[in-house]
Amino acid sequence: MRSPRPYAPQGGPGAQSLTERRKAATQLDIARAACELFAEHGPDGTTAEDIAHRAGVALRTFYRYFRNKQEAVAPLLTGGGDIWRALLAEEEPGTPLAEALERAVTRSLSGPQAVEEGLEVTRGLLRAAATDAALRAVWYRVNQDSEENLVPLIARLAGPAADPLGVRLLAAAATDAIRVSLELWSATDAPVSGPGSPAELAVRCLRELTGAMPLLR
């Protein structure tokens, strides 16, 4: 049984070769298998061999893509950041930054794919990460990568006169707003939409973290 695609992995922009598409598909198959097994048995009760068997690949194929079992979930977690940055990239330069950020965050966390297919899977992974340092390290690394990829998008929207320090701080704050909201939500049984949902929490976090930033005034 395949697990649902978590919180939204998508292919990035630009054409991919057949080899690249096959590689990405294999990585996602392995990631979904890891997610299923972590949900069923926890990270401690799951081995790399188990994941490879569930994904239908050889163990050497698993290690071709991932260093350890926790790393295997990275493609799933990365997808959420890909989605929200793609939505932010749709915003036109000159759009008020606060408005653009809130709209992209809300859309990414409340769209049909996130609500119906992925947020509960993300919740399970973050709950497992609470007691697994290696899984937490993957989560933090994914967020760091997302923050770095966010910088040029914010710089584009802010315009060439924007203070680079302000751009970097806003990228950090926006990334942390989503990270904190998902971590808080995952520790509860709150619904995927409405009061207490990731989208609502993320907007609240974003406003509190960025309210005094000159770049948004």
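Predicted model: local features only at pLDDT ≥ 70, side-chain atom pairs only at ≥ 80, totals over all residues.
Visitor: Is Cys35 buried or exposed? And Cys205?
Guide: Cys35 is buried, at 6% relative accessible area. Cys205 also counts as buried, at 16%.

Visitor: Switching to charges. How many salt bridges are there?
Guide: The count comes to 16. One of them pairs Arg54 with Glu36, at 2.8 Å from N to O.

Visitor: Where do those two sit in the chain?
Guide: Arg54 is in helix 2 and Glu36 is in helix 1. They are 18 residues apart, so the pair links distant parts of the chain. Glu36 is buried at 7%, whereas Arg54 is partly exposed at 32%.

Visitor: What about Asp189, which partner does its side chain meet?
Guide: Arg127, in a salt bridge of 3.0 Å. Asp189 lies in the loop between helix 8 and helix 9, and Arg127 lies in helix 6, 62 residues away. Asp189 is exposed at 71%. Arg127 is partly exposed at 39%.

Visitor: And Asp176 with Arg179, how are they placed in helix 8?
Guide: They are three residues apart, which means about one helical turn separates them. Their salt bridge spans 3.2 Å.

Visitor: Which residues form a network of salt bridges?
Guide: Arg67, Glu71, Arg141 and Asp145.

Visitor: Now Glu147. Which side chain of opposite charge is nearest?
Guide: Arg168, 4.5 Å away. Glu147 is buried yet has no salt bridge. The cut-off for one is 4 Å.

Visitor: What does Glu147 touch, leaving out residues up to four places away in sequence?
Guide: Ala171, Ala172 and Thr175. Glu147 itself lies in helix 7.

Terms used
Residues numbered from 1 in each chain as written. Heavy atoms only, no water. Helix = DSSP H or I, 4+ residues; strand = E, 2+ residues; numbered from the N terminus. Buried < 20%, exposed > 50% of the residue type's maximum accessible area, 1.4 Å probe, protein only. Lys, Arg positive; Asp, Glu negative; His and termini not counted. Contact = heavy atoms within 4.5 Å.
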